[in-house]
Amino acid sequence: MGTTKASHTHGTVKPPFWLLAELTYRCPLHCVFCSNPVDYAQHDQELDTASWKRVLAEARSLGAVQLGFSGGEPLLRDDLEELVAHARGLGFYTNLITSGVGLTGTRARALKAAGLDHVQLSFQDSTRELNDFLSSSKTFELKSKVAGIIKAEGYPMVLNCVMHRFNLQHVDRIIDMAERMGADFLELANTQYYGWAWLNRVALMPTAAQLRDAEAIVDMHRARLAGRMKILWVSPDYADAKPKPCMAGWGTVFMVVAPDGLAMPCHSARMLPGPALPNLREVSVREAWHESEAFNRYRGQAWMNPTCGGCEERHHDFGGCRCQAFLVTGDAAATDPVCMKSEHRGRIDDMLGAAVRERANGVPTQPLRFVPGARRGEGLVFRSDENSRALGTTPQGPA
C-alpha cells in the first residue's frame, strides 16, 4: 500500500532516530489546540499489542533509538507497561508524553519497573481555572499531584505548556509553577496551527507584541534558572517569519506511527494530498521508511520549487513545513507561507493583523471548538464571550 521505487538509495537515507508511537487518539482532555486530526474518531481501529511489539522491533532493528509513547493519552492503553518493557528489552530510550490522567503512584512504579526512562507532563496553564477550561476537564489538581509522583519516582521530568493568546500573559507564573514542581525542563510550545488549533486559530492567535513581551520574560527567567531548569521556547514561526526546520527534514530522523498503524513523516501528514501513506499493518517499517512514495516525496531538496531550492537557508530549515504550506496555500509543495520570500506571506500577515483586531475588539469573534468526546461528532462549542464569563475575566481575555 502506498509504496513505490525509492528516489533515494538505502546508502543515502539514514535510519530514523526518533519513533513516536501514538498508541491511541482517545483522551480524557478536550483541548482547543489538540494536534489530533479533526476526524480522529474515524480512525479508531488501534493496533493491538502484538502489532505494536512488531513495529517497535522493526524500528529498533532499522536503527531508531529514541521512542515516545504518546496519543491522545497513552495511559488509556492497558498494555502500556508491557510495551515499555518490550521497548526496554530492545534497547530504546523511552519517553512517556502524557496529560497525567491515569498516572497513579502504583502505575508510575510499574512503569519504572518496566524500564520507562522519562516523563513529559502537559499543563494548559498555571491556574486551575484556565487549565481546566482550555482542556474542558477538571484536571489541574490531578496534574499537580502527578508532578509530585513523577519527582518521587526519580524520573527526569519535562513540563510542557502550549502557549497562545489566553495564557501568554501568564508565562512568568507558568515558569514559577515549573520551578516549584522541580521540573528539569520546561517546554513553552507556541501553538502550531494544525488539527484543532487550525480550527481555533482566530481565537488562539496572539499578537506579535504579546509574543515579544512573553519571550523577554522567558529570557529573563532562563538566565536566572541557568543550571537548575532548562527552558525551551518553541519559536512562533508566524510572527518570526522564519520557517521552522520541521522534523529536521521530511523523512530524515522522525517517524510517527498513528494508532491505526499509519506511518507518517510528521504528526499532521495524514491530511496531505498525494501518495497514500504506508500502513504498518501491511508493510514493514523498513519498507515504509525507505521505499514508500509518501516518505520520499519531500525528502531531500529535489522537490523544492525555485524559491526554496535557491535559498541559502534550505540546508537549515529544509524547506519548512509541508502541512503548513498545504493548509494556508492549498499546495503542499509551496514555499512555507511564514517565509518572507513566499508569495503567500500576505496570508500570514492577514492572520496576524486579525489577531491585533481581535485583541482591540476585546472578545474574539470565533467560537472556540473543543475536541469531541467519545461519540463521533460530539463536540463542544463556546462563544468567546461565554468563555470570558465562565472564566470570570474581562473581555480582553483571562487576567
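A: A nonpolar core is a set of buried Ala, Val, Leu, Ile, Met, Phe, Trp, Tyr and Cys residues joined through side-chain atoms within 4.5 Å, where buried means under 20% relative accessible area, with a 1.4 Å probe and protein chains only. The model is predicted: local features need pLDDT of at least 70, side-chain atom pairs count only at pLDDT 80 or more, and totals for chains, interfaces and linings use all residues. Residues are numbered from 1 along each chain as its sequence is written, and side-chain values use heavy atoms, leaving out hydrogens and water.

The largest nonpolar core holds 63 residues, and Phe69, Leu111, Leu159, Ile175, Leu188 and Met255 have the most contacts inside it. Helix α6 (residues 171-181) supplies the largest share of this core, 6 residues; helices (H or I, at least four residues) and strands (E, at least two) are DSSP runs, numbered from the N terminus. Beyond its neighbours within four places in sequence, Leu159 is in contact (heavy atoms within 4.5 Å) with residues including Leu121, Phe123, Ala178 and Phe185. A second, separate core has 26 residues, among them Cys246, Phe254, Leu277 and Ala294.

Turning to the strands, two of them pair if DSSP finds at least two bridges between them. Strand β2 (residues 66-70) pairs with strand β3 (residues 93-98) in the parallel sense over 4 bridges, and Gln66 stands opposite Tyr93 in β3. Strand β3 is also joined by 4 bridges to strand β4 (residues 118-123), and these two run parallel. Here Thr98 stands opposite Leu121 in β4.

Technical notes:
Buried < 20%, exposed > 50% of the residue type's maximum accessible area, 1.4 Å probe, protein only.
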